[in-house]
Amino acid sequence: MLTGFTVSVFSTTSRTVILRWTRFTGATSYKITVAPQSAPTSSVAFVTYGPNTVMGSVSSLSPNVDYIFTVDALDDNQDTLSITSTQSSTAPDTMDPIQTVKPKDSRTLMVDFNTNPLATHYIVRVQDTNGLFREDTVSSSPAEIKSLAPYTEYTLSILAVNVAGRSQPSAPVTAKTVLPPPELSTSSPSNDSIVVSWAAVAHAVRYTLSLYKFDSNTKMEHNTSDTNFTISGLEAGTLYTIMTYAWDPEGREGEGSLYKNQTTRPATPSSLNVSLERSDTMASLSVSWEMDPDAYGHIEFYVTSDQNQTCTTSSSSSCKLSPVNCGEVHTIQVTASNQAGPSSPSSPVVFVTFPCPPESLALVESSEQNCTLTWDAAPYADGYVAFIKAGDGSEESCNTTNNNCTYHCQCGYMYLMSVLAFNLAGSSPQGEVLNHTTLPCCPEDVSVSAVSTDTLEITWAASRGAEVYETSAADSSEVILCNDTAPVCALSDLSCDSTYSVKVTPCNEISGCNRACKAHAKDTAPCMPMNLMLNVKNSSCVSVSWTSTNRAATYTVSVDGGDGKHTYTTGGKSLDLTDLPCGSTHEVSVTASTAAGLSLPSYSDSIETEPCCPVNLTVHQVTQAMTNVSWSHAKGAHSFVTSLTSSRGHARCHTQDSHCLMGCITCGTNYTVTMEAFSQSGRMSNCTYQGFSSSACCPSGVKLIRMSDNSLRVYWRSTGSSHSTVADMVGSSNNYTCTASQGYNQCSIGDVQCGTVYHVAVAPLAVDGSKVQYCPQRIYSVTCSGSDIGTVIYRGKRSVD
């Protein structure tokens with residue numbers, strides 16, 4: 001046999017074997033030959049495969065037979081290139097179908113089948129319509145198929161298995177699991193009923209519920225289509241066992257639930273009896289009842305009071321509620337409880353304890369020197385006994401159904417008082433003892449006086465029982481307090497122009513303060529005027545105004561200036577100050593007065609009157625277009641604005657000096673002269689003075705012309721002035737003058753010396769006959785022609801020196 005070529009069994013069934021071999025180089029086909037091991041030379045089957053196949057099956061074999069499988073690798077001529085073989089048995093024959101299938105529970109099926117003596121074990125194949133495919137290995141019949149889904153149809157077949165493999169599956173059979181068991185939940189809502197509930201079981205059409213009484217053969221069954229059921233008419237405190245199963249639409253009984261034990265609640269305790277037990281240190285309530293001797297299991301009894309008192313017992317039919325207190329109303333009930341829950345509470349029993357001692361003892365004093373002892377009413381008390389012991393040792397008592405008793409008492413004394421309450425259950429315990437000192441007596445000889453605008457001084461005679469005095473002054477908006485042990489007090493920081501109710505209240509640490517003492521009314525001084533306003537109406541009048549909240553007051557205006565202090569009185573809130581001197585600063589303040597006294601002066605304010613105008617003002621013309629203005633001292637003036645105004649123009653200067661140089665003056669013009677005088681704070685006075693007329697205009701176009709007979713004529717352009725004109729010729733040794741009347745523009749000068757230089761000036765004459773000194777000069781040289789005047793030569797001009 002050639003090597004390098006092998007074959008193995010891949011799988012077997014009862015009639016088929018699948019082989020796998022290795023590829024052989026050069027082989028164009030593979031031939032499989034089958035012969036029984038009992039007759040190796042007797043071939044029973046063969047099959048041929050192509051060159052690319054390395055796995056193939058041989059069918060139509062006999063079940064459970066040992067075979068020899070030979071594989072030849074052939075060439076194109078069908079000659080054997082290599083040969084290999086293997087041995088294997090076929091699996092058992094196909095089994096008979098499963099005989100019976102019965103549900104064991106909702107997730108298990110019992111299968112019964114005929115066994116095969118040649119099989120070592122079996123496989124049950126399980127399938128459903130949802131894609132489940134499962135194979136369970138079993139060893140014998142009958143067998144359990146577990147972990148199935150409830151109420152599901154399955155297809156089942158069986159295969160026999162030995163060492164060679166498995167048989168073909170048997171013909172399938174179908175079977176359906178039953179409904180799953182309900183999951184029960186039970187409770188006992190009362191002592192004669194049990195409620196059973198469960199989640200709905202899919203596909204269930206009805207349910208059967210079975211109930212068994214403990215220690216009894218009694219069985220009760222109930223059918224229902226609901227998922228809960230209440231079983232009534234049961235015995236209290238009894239144990240019951242419960243089981244439920246569902247029915248499917250095919251009428252099959254589903255898997256039964258687990259058994260559930262449930263006890264009914266115990267019977268309600270009856271015949272309650274309550275009694276009070278009291279000792280020196282504690283009180284309690286004893287509660288008893290009747291109990292059911294046939295109740296099943298352990299039972300606890302809970303005794304409760306609406307006053308948050310409880311007690312518990314399981315060994316007897318009584319227990320105590322303790323401690324209980326005075327003045328309580330107890331509503332008592334008893335409840336029995338077992339593992340199912342509590343019973344209904346018993347009928348309530350109401351019990352009232354003895355009253356508590358009265359509280360909030362207080363002594364109220366009146367002006368008639370009567371004291372009334374009061375206390376809070378004690379709940380459930382039918383009456384009271386009050387005991388009053390005076391400081392001198394005497395004692396009184398008072399029986400009453402009210403909550404007060406009245407006694408005669410005096411101020412400044414101590415009393416001891418106590419009260420007991422009682423009802424049908426007995427008297428209250430000892431309550432509080434009131435140690436009360438009556439109020440101190442009111443002071444006498446109270447005197448209230450004002451010592452300043454916001455302070456009152458109060459004095460009085462010391463009073464009996466007083467340790468400290470509380471002095472108060474109250475108006476509509478505030479209360480000022482002073483505490484002192486001395487019989488004198490000063491209350492400060494009071495509101496102005498207010499009526500205060502002044503009271504001296506005596507106090508001591510024990511009883512407090514006597515608030516019933518008489519009050520005394522006292523007015524405080526008026527309020528200080530506010531918002532002082534000063535307004536200058538003119539140079540000699542100032543308006544003064546202010547605001548005030550005083551109810552009724554007279555106001556004094558004080559003016560302190562350079563000429564002394566002056567005062568003015570008015571009932572209103574404004575005043576005009578007249579005849580104030582110009583150029584002065586005045587301090588002004590206002591004071592209010594009433595019958596209660598004077599207020600503080602208002603905050604002062606200062607006012608400047610308008611500055612005085614200079615008494616004298618002089619205007620002096622310096623040149624044809626410039627003047628010098630000067631003036632006398634002006635009181636209160638700090639700077640000046642002086643104006644010269646005409647229809648032909650104006651001039652203006654602003655200075656702190658007492659003189660001013662002005663330009664741009666037009667000759668021959670009448671000017672109005674005014675001045676504005678300013679104080680340092682900006683107050684202004686308008687001042688008007690006598691008008692000023694500027695000098696006539698200097699002539700222009702001056703010419704000097706030679707005439708016969710050694711004379712010269714001076715010509716100039718006419719100015720149209722109403723003034724006469726004078727012409728001056730000034731030489732080095734001779735001076736000449738000629739005058740022209742109003743309206744003329746020439747004049748002649750005779751016997752003029754030739755051969756010299758002359759300064760010629762032509763100027764108008766003022767009204768007073770004076771000559772204007774600032775007109776310009778023209779320079780001429782006058783030559784000689786023999787002894788006579790020759791040529792007149794113009795040399796230029798200059799201003800007047």
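## Briefing on selected local features

S428 is found in the loop between β36 (426-427) and β37 (434-437); strands (E, at least two residues) and helices (H or I, at least four) are DSSP runs, numbered from the N terminus. This is a predicted model, in which local features need pLDDT of at least 70 and side-chain atom pairs count only at pLDDT 80 or more, while totals for chains, interfaces and linings use all residues. Residues are numbered from 1 along each chain as its sequence is written, and side-chain values use heavy atoms, with hydrogens and water left out.

**Surroundings of S428**

- S428 has 5% relative accessibility, so it counts as buried (buried is under 20% relative accessible area, exposed over 50%, and partly exposed in between, with a 1.4 Å probe and protein chains only).
- Leaving aside residues up to four places away in sequence, S428 touches P355, C356, P357, P358, L420 and A421; contact means heavy atoms within 4.5 Å.

**Aromatic rings**

- A pair of aromatic rings is described by the distance of the centres and the angle of the planes.
- Rings of Phe, Tyr and Trp (its six-membered ring) pair if their centres lie within 6.5 Å; planes under 30 degrees apart count as stacked, over 60 as edge-to-face and the rest as tilted.
- By this rule the model has 18 aromatic pairs.
- One of them joins Y67 and F69, with 6.1 Å from centre to centre and 50° between the planes, and is tilted.
- Y67 counts as buried because its relative accessibility is 4%, and F69 counts as buried because its value is 0%.
- F5, W21, F24, Y30 and Y49 are linked into a cluster by ring pairs.

**Charges over rings**

- A charge sits over a ring if NZ of Lys or CZ of Arg is within 6 Å of the ring centre and within 35 degrees of the ring normal.
- K31 has its charged end over the ring of F46, at 5.1 Å from the ring's centre.
- R278 lies over the face of F354, 3.6 Å from the ring centre.

**Backbone features**

- S141 and P142 are joined by a cis peptide bond with omega of about 0°, and P142 is in the loop between β11 (133-138) and β12 (143-145).
- A cis peptide bond also joins S322 and P323, with omega of about -10°; P323 is in the loop between β26 (318-321) and β27 (329-338).
- Q78 is not a glycine, although its phi is positive at about 65°; Q78 lies in the loop between β6 (66-74) and β7 (80-89).
- S360 is not a glycine either, and has a positive phi of about 55°.
- The place of S360 is in strand β30 (residues 359-365), and S360 counts as partly exposed because its relative accessibility is 42%.

- Strand β63 (residues 725-730) is mostly covered, with five of its six residues buried.
- Two strands pair if DSSP finds at least two bridges between them.
- Six bridges pair β63 with strand β64 (residues 735-740) in the antiparallel sense, and V730 has N735 in β64 as its bridge partner.
- The two strands β63 and β64 form a hairpin with four residues between them.
- β63 is also joined to strand β66 (residues 756-764) by six bridges, and these strands run antiparallel.
- The bridge partner of D728 in β66 is A761.
- In a regular strand the side chains alternate between the two faces of the sheet.
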